[in-house]
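Biologist: I'd like to learn how to read charged pairs in a model like this one. Can you walk me through it?

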Amino acid sequence: DHGCSFKSDSVKEGIVATAGKTLRIISVDTAGMEGGEDESFNTNRVNLRYTPRQMTLLSTGAATTGDQRKVALAVVESDYNDYGQEEKDSMGFDATGEGKAKGKAKDDGDGMDMDEDSDDDEDENKNKKKSSEKDGDDNDDDEEEEEDDEDEKLARSTPIRGPVPPGPGYWGSCVRLLDPTQNCVTLDCVEMGRNEAALCCTSVRFHTRGGESLLAVGTVSDMTLQPMQQKSSHII
């Protein structure tokens, strides 16, 4: 009837499920998931815009046609106390941080003029004294620069949280369609309206439309968690 993921000391990867009045715990052998021809499961990582709330399978095409139907995976995402993508774009917010990095690199260019000493003999003597010290420190400096570059790359790859709304009732939400047969590539991503959050979804069929599979999404507008209330709720 129902099932969800389950982990414990004795069961590393499993599923806990209910069937009538029976509770079952199913262990999953993950030895083949690292690679090979006998893989038990296929795993893919998908970067989402918000927190996933619910997902459902959606068949494309009518049931009465003889064509082979394709399956899409619908995911509803939403985050409380967050701006929508449209508002973030209007603020000039960049979640990747690439714009900031480019600006920093530009500022680190020829922004400083240095004066040269006219006494060449004195400079030459100083360079001779410091040459031996620099040779020993060059390798250490290179290693430190490489570590700094790796840390900077890691920081750029980490998504940025973004600006925090001034008050309660702000939501960022979207509905995403994925193709499970093509490494879960995103087919379409529809951003919800301002402060409208998609919380659940399901696949429905209507006989008047020839058994075509449609996606029904439950949304709320201007919902706050404390106290739990919303201005309106919809099924779209």
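This is a predicted model: local features need pLDDT of at least 70, side-chain atom pairs count only at pLDDT 80 or more; totals for chains, interfaces and linings use all residues.

Biologist: Which parts of the chain does the pair link?

Modeller: Distant ones: Arg-49 sits in the loop between S3 and strand S4 (52-60), while Glu-191 belongs to strand S7 (residues 185-191), 142 residues apart.

Biologist: Are the partners in these bridges buried or exposed?

Modeller: Take Lys-88 and Asp-82, which form a salt bridge with closest N and O atoms 3.3 Å apart. Lys-88 counts as buried because its relative accessibility is 8%, under the 20% cut-off. Asp-82, at 5%, is buried as well.

Biologist: And how do Lys-231 and Asp-222 read?

Modeller: Their side chains meet in a salt bridge at 3.7 Å, N to O. Lys-231 has a relative accessible area of 70%, so this residue is exposed. Asp-222 is partly exposed at 25%.

Biologist: Now the strands: in what order do S1, S2 and S3 lie in their sheet?

Modeller: The three strands form an open sheet, S1-S2-S3, with antiparallel pairing. Strands S1 (2-6) and S3 (22-27) are the edges, each pairing on one side only.

Biologist: How many bridges join S1 to S2?

Modeller: Five, with S2 spanning residues 14-19. For a spot to look at, find His-2, which stands opposite Thr-18 in S2.

Terms used: Residues are numbered from 1 along each chain as its sequence is written. Side-chain values use heavy atoms; hydrogens and water are left out. Two strands pair if DSSP finds at least two bridges between them. Helices (H or I, at least four residues) and strands (E, at least two) are DSSP runs, numbered from the N terminus. A salt bridge is a side-chain nitrogen of Lys or Arg within 4 Å of a carboxyl oxygen of Asp or Glu. Buried means under 20% relative accessible area, exposed over 50%, partly exposed in between (1.4 Å probe, protein chains only).
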